[in-house]
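Thanks for asking me to look this one over. Here are my notes, in the order in which I would read them with you at the screen.

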Amino acid sequence: MAHRDYYNVLGVGRRSSQDEIKRAYRALAMRFHPDRNSEPEAEQRFKDVTEAYTVLSDPEQRSRYDRLGPLYTPDGRPPKPEDVNEVIGSFFGGMFRRKTQDRGTDLRYTVSLTLEEVATGLDRPIVVPRRVHCHHCGGDGAEPEGGRAICEPCGGTGRSSGARLFRTSCYHCDGQGFTVVKPCNTCDGDGRISIEDSLVVKVPKGVATGQKLKLSGKGDAPTGSGEAGDLFVIVNVAEHTLFRRRGDDLLVELPLTFSEVATGADVVVPTIEGQTTIRIAPGTPSGKIFRLAGRGMPKVGRSGRGDLHLQVMLEVPTELSNSEREALAGWARALSASRHPLRAAFDEVVRIRSSVEAS
Ligand SMILES: [Zn+2]
Ligand SMILES: [Zn+2]
């Protein structure tokens with residue numbers, strides 16, 4: 001392409017500044033970049049403008065070209081591929097890939113739930129204090145009327161100039177292209193305001209204490225134009241007076257009276273949704289566990305549920321009145337030793353051992 005007019009290719013005058021050349025190239029490269037333009041001639045045009053720019057953006061090569069005109073070839077050869085690649089990289093690193101902006105801070109919020117709420121799942125409204133981009137200034141911290149001034153060192157491009165052209169963001173304006181001369185009234189120039197945000201947490205059924213629910217983009221907005229962080233809602237399930245939880249299973253201690261376990265009874269017991277009745281067979285021992293399959297907690301993200309375990313605990317009466325004491329004595333006399341085989345065997349062993357020691 002050396003025979004062609006590089007200035008013409010970029011559509012700029014021979015006395016154009018580096019900034020003008022850069023802007024012209026940026027616009028043309030955006031238009032003809034093969035990722036963005038599928039017309040057949042686009043790729044050649046892209047190569048041409050990039051070659052022209054590679055020469056004209058280098059002051060040394062540009063002055064050689066100005067002297068030699070159409071006879072110019074850089075060292076008798078076209079621009080080296082690495083030069084071209086560097087130009088493309090310096091532009092398209094910033095233009096086509098999204099600039100990695102700082103993200104806002106992630107926030108945490110603890111939501112307290114009852115076991116019953118967790119068993120069914122629910123939508124829980126919460127109010128979270130967080131920072132969002134200021135609606136008055138749009139987040140840049142400058143008063144909309146006359147709050148901005150074009151950054152002079154970079155001419156508003158946001159890119160540093162100099163020997164290694166526009167390789168980095170302009171240090172003066174941090175890549176914004178402008179400086180704030182009058183801070184926004186609403187946010188005092190921070191670009192963010194604090195709000196009490198009303199949100200709804202979708203609590204899936206079966207979650208447990210310590211689990212995190214993520215609300216994407218509901219954390220703090222960053223200063224500058226990056227995305228907001230996320231909000232992590234930490235689940236805290238309150239202790240229950242009746243139910244203890246072991247994974248998906250629920251455990252309940254079931255206090256029964258002696259006459260209930262001895263003679264049998266139908267007893268109303270709690271479940272997480274309500275209640276049910278179980279039959280206690282005559283002679284049920286203390287410590288026995290009744291297992292009610294599928295009556296525990298729902299499994300998170302799956303079908304099915306854990307079990308409900310009811311453990312019998314024989315409640316021994318205390319602080320007896322005189323008449324109660326007499327009734328129990330009568331009851332003890334009425335029952336023969338054969339009704340308490342374990343106790344009878346125990347007594348027998350003790351008796352044998354003491355007679356061996358005595359002899
Ligand atoms: Zn503002
Ligand atoms: Zn600047």
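The points below go from the whole chain to a helix pair, its core and one glycine.

1. First, some housekeeping. This is a predicted model, in which local features need pLDDT of at least 70 and side-chain atom pairs count only at pLDDT 80 or more, while totals for chains, interfaces and linings use all residues. Residues are numbered from 1 along each chain as its sequence is written, and chains are lettered from A and ligands numbered from 1 in the order in which they are written.

2. The protein has nine helices and 13 strands (DSSP runs, with H or I of at least four residues for helices and E of at least two for strands, numbered from the N terminus). Of its 359 residues, 22% count as buried; that takes 20 or more other C-beta atoms within 10 Å of a residue's own, with C-beta atoms placed from the backbone.

3. Do have a look at helix H3, residues 42-56. Its 15 residues reach 21 Å from first C-alpha to last, close to the 21 Å expected at 1.5 Å a residue (1.5 Å times one less than the number of residues). Among the buried residues of H3 are Phe46, Val49, Ala52 and Tyr53.

4. How do H2 and H3 pack? Their angle is about 165 degrees and their axes are 9 Å apart (lines fitted to C-alpha atoms over the stretch in contact, with angles from 0 to 180 degrees between N-to-C directions). The two helices are therefore roughly antiparallel, the word for angles over 145 degrees. Residues making the contact include Ile21, Tyr25 and Leu28 of H2 and Phe46, Val49 and Tyr53 of H3; contact here is C-beta atoms within 7 Å.

5. The largest nonpolar core has 17 residues, and Leu10, Tyr25, Val49 and Ala52 have the most contacts inside it (a core is a set of buried Ala, Val, Leu, Ile, Met, Phe, Trp, Tyr and Cys residues joined through C-beta atoms within 7 Å). Helices H1 (6-10), H2 (18-32) and H3 each supply at least two of its residues. A second, separate core of 16 residues includes Val235, Phe243, Val261 and Leu310.

6. Tyr25 is worth a click: leaving aside neighbours within four places in sequence, Tyr25 is in contact with Leu10, Val49 and Tyr53.

7. Lastly, is Gly229 buried or exposed? Gly229 counts as buried because it has 21 C-beta neighbours inside 10 Å. Its place is in the loop between strand S6 (212-215) and strand S7 (231-237). Beyond four places in sequence, the contacts of Gly229 include Arg103, Asp106 and Asp220.

Key:
A residue is buried if 20 or more other C-beta atoms lie within 10 Å of its own, exposed if 12 or fewer, and partly exposed in between; C-beta atoms are placed from the backbone. Two residues are in contact if their C-beta atoms, placed from the backbone, lie within 7 Å. Angles under 35 degrees count as roughly parallel, over 145 as roughly antiparallel, 65 to 115 as roughly perpendicular and the rest as oblique.
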